[in-house]
Amino acid sequence: MSKVKIVTDSSCTFEKKYQEELNITVIPLSVMIDDVVYPDDDKLTGEKFMDMMASAQALPKTSQPPIGYFAELYDELGKDGSQIVSIHMTQSLSGTVEAARQATFLTNSDVTVIDSGFIDQSLAFQVIRAAELAQKGASLEEVLDAVHKVKENSRLFIGISSLDNLVKGGRVSRAKGVLSNMLNMRVIMELEEGALLPIVKGRGKKTFSKWLETFRDELSKFSQVKQIGISHTGRTDFIEEAKSSLQEMFPEMDIPVLHTNPIVATHTGKDAFAIMYYTD
């Protein structure tokens, strides 16, 4: 029986131990800051990137890996006969998944490409579940079924303290008047089917706290929440509040609080967060 190997991209936010323990291959995207291109790898930490973005003359630009890079990687991983599952961030935010799909026509390896529909730790939920099963010797069909189940039962909420980066990057249209002409409003959005949908807006710090109460009520209705993740672009008081509040609800769960990657931070700006979960 052939093995299944898991590939993802650097927009996938997880504790680094999983990459080694579960043999996950991570393809780095690129970030261009003031005409200098940096690979999104371990050397470019989230904290370091935030400092660089703050002093940059223009908003950094992100780009997906070349199709040829994917093809070469797939050839290497599949030369022992392994099947490959390549899981990537939502196509609405990056061309990475499409580059991966194009590469499947250039490789002799058996590759299945999946648009996760998500980013950050929500992408990691799918990647980690796939890798756990692959490590146990699960078939390709079993891995794909599990990834689909996680995807269908996931939700991701993003809190933004300023819409400035989203507007500059073209992710939110100023013309549509999505929320307000005031770019410093605090906004909660849900990433649903690849689209960022505003669900809450406000101008004070209590905007996020009030939403958290609603979020807790939502979680309390599920018989089993499998995993919660918290990501951020700077560990604010709200991050501590959210961690404490959710840990109180789920005392036995390990709820990671991680600095997000440069790919996500470019779009969200400083003092942003994401809280995500999936259920059984």
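A salt bridge here is a side-chain nitrogen of Lys or Arg within 4 Å of a carboxyl oxygen of Asp or Glu. This is a predicted model, so to speak of local features takes pLDDT of at least 70, side-chain atom pairs count only at pLDDT 80 or more, and totals for chains, interfaces and linings use all residues. Residues are numbered from 1 along each chain as its sequence is written, and side-chain values use heavy atoms, with hydrogens and water left out.

Searching the whole structure turns up nine salt bridges, including these:

| Pair | N to O distance |
|---|---|
| Aspartate 42 and lysine 16 | 3.6 Å |
| Arginine 155 and glutamate 190 | 2.8 Å |
| Glutamate 240 and arginine 235 | 2.5 Å |

Salt bridges with shared partners also join Arg155, Glu190 and Glu218 into one network.

Now for accessibility: buried means under 20% relative accessible area, exposed over 50%, and partly exposed in between (1.4 Å probe, protein chains only). Glutamate 190 is buried at 8%, while arginine 155 is partly exposed at 29%. Aspartate 42, at 59%, is exposed, and lysine 16 counts as exposed at 52%.

Then there's lysine 270, exposed with a relative accessible area of 62%. Its contacts (heavy atoms within 4.5 Å) are Met50, Ser161 and Thr233, leaving aside residues up to four places away in sequence. Methionine 50 sits 220 residues away along the chain from lysine 270, yet their C-alpha atoms are separated by 7.4 Å.

Serine 82, finally, is buried, with a relative accessible area of 3%.
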